[in-house]
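This report goes through one protein chain part by part. Look at the sequence and the structure first, then read on.

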Amino acid sequence: MTVLEGEHLTKNFGGIVAVDDVSFSIDKGETVGLIGPNGAGKSTLFRLISGVQEPTEGTVYLDGEDITGMTPHEICHRGLVRTHQIVHPFENLTLAENAAVGAQFGGRNSGDPEERAHEALEFVGLDDMAHTTPDELSVGALKRLEIARALATDPEVLLFDEVAGGLDTDETEAIVELIRDIADRGKTVFLIDHVMRALMSVSERVFVLDNANLIATGTPEEIQNDRRVIEAYLGENAGDAMGDTADAGAD
């Protein structure tokens, strides 16, 4: 069953085409990765889906509903939430209060926001720090707080933008396991990451953007052996990159 779909999405900034006639569909409970070189249009596509920007042309559907042009909070209330590559928690609030903001103002669930906040923090391994502030957290813990804030909204679909970016090997492995746990809960995950080992290990399918166009879709194995993808992004040593934490930068 398709839960998230884009039809002929295009975004122009003056004479620059950032996303060019991109169509895709993602099934409920599926984990899909999005890769491509810098400037390919990955983050722009996420902004179109999450309502931060409106497409010049095309349509976004969530559970069959046209959400094109809705605001991010309206889309969040319908069950789609996005994390950000550079996290910006409320620094004057505790971790519990940070997560409760998502539960209170962004969520679909009518349950107790504080309870949902603590459930989200426990899930990401931060509940024992619930009453501390974000300035006491490592980069890896800040990424987990960002995920907790998203989970507190009770989402059906999560868009992760560079959730493993800037992490060391151990922190990356912890985030990969966390994404797997989220997927095991039946959530739909759509993620951008330049850490190829992380993205390929959790994705059932991978989309590849290059120069604003969707040039390939397939399983991780198919993508690693696709000549167009190798030439556009992965390079001839693509297999080696899958075994190493290769960070190629951001879109």
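## Terms and source

A residue is called buried when its relative accessible area is under 20%, exposed when it is over 50%, and partly exposed in between, using a 1.4 Å probe and protein chains only. Helices (H or I, at least four residues) and strands (E, at least two) are DSSP runs, numbered from the N terminus.

This is a predicted model, in which local features need pLDDT of at least 70 and side-chain atom pairs count only at pLDDT 80 or more, while totals for chains, interfaces and linings use all residues. Residues are numbered from 1 along each chain as its sequence is written, and side-chain values use heavy atoms, with hydrogens and water left out.

## Helix α1

The buried residues are Lys42, Ser43, Thr44, Leu45, Phe46, Leu48, Ile49 and Ser50. Just after α1 comes Gly51, with a positive phi of about 90 degrees.

## Val60 and strand β4

Strand β4 (residues 57-62) contains Val60. Val60 counts as buried because its relative accessibility is 1%. Contact means heavy atoms within 4.5 Å. Beyond its neighbours within four places in sequence, Val60 is in contact with Leu4, Glu5, Leu9, Leu48, Ile49, Glu65, Asp66, Ile67 and Thr68. Val60 and Ala150 are 90 residues apart in sequence, and their C-alpha atoms are 20 Å apart in space.

## Nonpolar cores

A nonpolar core is a set of buried Ala, Val, Leu, Ile, Met, Phe, Trp, Tyr and Cys residues joined through side-chain atoms within 4.5 Å. The largest one has 49 residues, and those that touch the most other members are Ile35, Leu121, Ile147, Phe160, Ile179, Ile182 and Ile223. Helix α5 (residues 139-151) gives the most to this core, with 7 residues. Apart from this core lies another, of 26 residues, including Leu9, Ile26, Met70 and Phe190.

Ile35 has contacts beyond its neighbours within four places in sequence, among them Lys42, Asp193, Phe207, Ile223 and Tyr233.

## Pockets

On a 1 Å grid over the protein atoms alone, a pocket is an open set of points with protein on both sides within 12 Å along at least five of seven lines, whereas a cavity is a set of points where a 1.4 Å probe fits but cannot get out; lining residues have an atom within 4 Å of a point. Grid points are joined across faces, edges and corners, and a volume is the space filled by probe spheres set on the points. Ala, Val, Leu, Ile, Met, Phe, Trp, Tyr, Cys and Pro count as nonpolar, Asp, Glu, Lys and Arg as charged, and the others, Gly among them, as polar.

The largest pocket holds about 540 Å³ of space. It is lined by 24 residues, and Cys76, Val81, Arg82, His84 and Thr153 are the closest to its centre. Its lining has 12 nonpolar, 9 polar and 3 charged residues. The second largest pocket holds about 200 Å³. Of its 10 lining residues, Arg116, Glu119, Leu151, Asp154 and Arg185 lie nearest its centre. This lining has 4 nonpolar, 1 polar and 5 charged residues, and helix α4 (residues 113-124) gives the most to it, with 3 residues.

## Two positive phi angles

Most residues other than glycine have a negative phi. Asp63, in the loop between β4 and β5 (65-66), has a positive phi of about 55 degrees. Asp154, in the loop between α5 and β7 (157-161), has a positive phi of about 60 degrees. Asp63 counts as partly exposed at 37% relative accessibility, and Asp154 counts as partly exposed at 24%.
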